[in-house]
Structures are given as structure tokens and as C-alpha cells.
Amino acid sequence: MSRVLNWIDTLFFGVRRIFAAGVELPERPALNFVGAVVTDNPAENRTDVFIPGTWLISPVVTTSYTARPWEFVRVNAHDPVTIRLPPGASSAGTEVVIREIAGEEEAIEILTSTGQQIARNGYPNGTIRLLCDGATWLVL
């Protein structure tokens, strides 16, 4: 009976075994992200965890999407796609790279969190790199 309950627990609540450097860590009721920035993102129904010095890689985007700081966004733009950038005030010194991997370059639109258009088409090789200065997003 306990085997079935363990299987159900793992199925619904995820894998309970966490390893660090090959050694199993004891089970704990919570996670503590030291040095990371953790934010709630109800619009995308997710919790964002940013660890400084790392890049995030998005799933392949085919519809509207909100990018996160230090994210490499891959876009399949067979239909129009809108990429919304994170708020500038909370993203100072961060970058976002958007790369078209398939589709039509004309179908990608990049907006700030307030709706200001940053770019639409015309970037070389389907890649655009953006840097936030704390107020606006700059195309590099």
C-alpha cells in the first residue's frame, strides 16, 4: 500500500529526491534560493527564479509571450508573435535576446511592458539583443 502512495505522491507532487554533487540531500519542506531573485508572475501562471550570471532559455514561442530578464527567447513565427519585455525599473543591467528559429521575420513584434513598440522586423539574421538601462530597453 505504501508503494502505491509513494507513486501517487511522486506523480502529483514531483520527485522528492534532490541530489547535490551526487549525494542525496535530506527531504525538506521548503526551498531557499540564496542569491536568486524570485518573483511571482500570475499573468504567465509561473514563479520566476533568476540566478545572477545565468541565461534562461525559453521554450519555442509561437504566440504572445512575456520575456524574463536574461532570457534567450526562441520564436517560431509562422503566425504573428508579440514578445513583451519585463518592466524596465526592475530589469536594470539585464539583457534579453530574441531569435527567430523559423517562420516569417515580419511576424515578430517586440513591446515594452507598457506597450511601447521596440522593434518590428528589420533586425539582421532574425536576432535582436536588448539591454535595459533601468528605464528603457535599448537595441544593441
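The model is predicted, and local features were taken at pLDDT of at least 70 and side-chain atom pairs at pLDDT 80 or more, whereas totals for chains, interfaces and linings use all residues. Residues are numbered from 1 along each chain as its sequence is written, and side-chain values use heavy atoms, with hydrogens and water left out.

Strands are DSSP runs of E with at least two residues, numbered from the N terminus, and two strands are taken to pair if DSSP finds at least two bridges between them. Five strands form an open sheet with mixed pairing, in the order 5-7-9-12-13. Strand 5 (56-57) and strand 13 (137-139) each have a single partner strand and stand at the edges, so one side of each is left without a neighbour in the sheet.

Within this sheet, strand 7 (residues 71-77) runs parallel to strand 9 (residues 95-103), and the two are joined by seven bridges. In this pairing Glu-71 is opposite Val-96, and Val-73 is opposite Ile-98. Strand 9 also pairs with strand 12 (residues 127-132), here in the antiparallel sense and over five bridges. Ile-98 has Ile-128 as its bridge partner in strand 12.

The loop between strand 6 (65-66) and strand 7 contains Trp-70. Although Trp-70 is not a glycine, its phi is positive, at about 60°.

A further parallel pairing, of four bridges, joins strand 8 (residues 81-84) to strand 10 (residues 108-111). Arg-84 stands opposite Leu-111 of strand 10. From strand 10, Ile-108 and Ile-110 point one way, while Glu-109 and Leu-111 point the other way; all are buried (under 20% relative accessible area, 1.4 Å probe, protein chains only).

Pockets were identified on a 1 Å grid over the protein atoms alone, as open sets of points with protein on both sides within 12 Å along at least five of seven lines. The largest pocket holds about 350 Å³ of space, a volume being the space filled by probe spheres set on the points, which are joined across faces, edges and corners. The pocket is lined by 19 residues, of which Thr-39, Asp-48, Pro-69, Pro-86 and Ser-90 are the closest to its centre; lining residues have an atom within 4 Å of a point. Strand 3 (37-41) and strand 4 (46-50) are the elements that give two or more residues to this lining. By residue class, the lining comprises nine nonpolar, six polar and four charged residues, where Ala, Val, Leu, Ile, Met, Phe, Trp, Tyr, Cys and Pro count as nonpolar, Asp, Glu, Lys and Arg as charged, and the others, Gly among them, as polar.

Definitions and conventions:
On a 1 Å grid over the protein atoms alone, a cavity is a set of points where a 1.4 Å probe fits but cannot get out, and a pocket is an open set with protein on both sides within 12 Å along at least five of seven lines; lining residues have an atom within 4 Å of a point. Buried means under 20% relative accessible area, exposed over 50%, partly exposed in between (1.4 Å probe, protein chains only).
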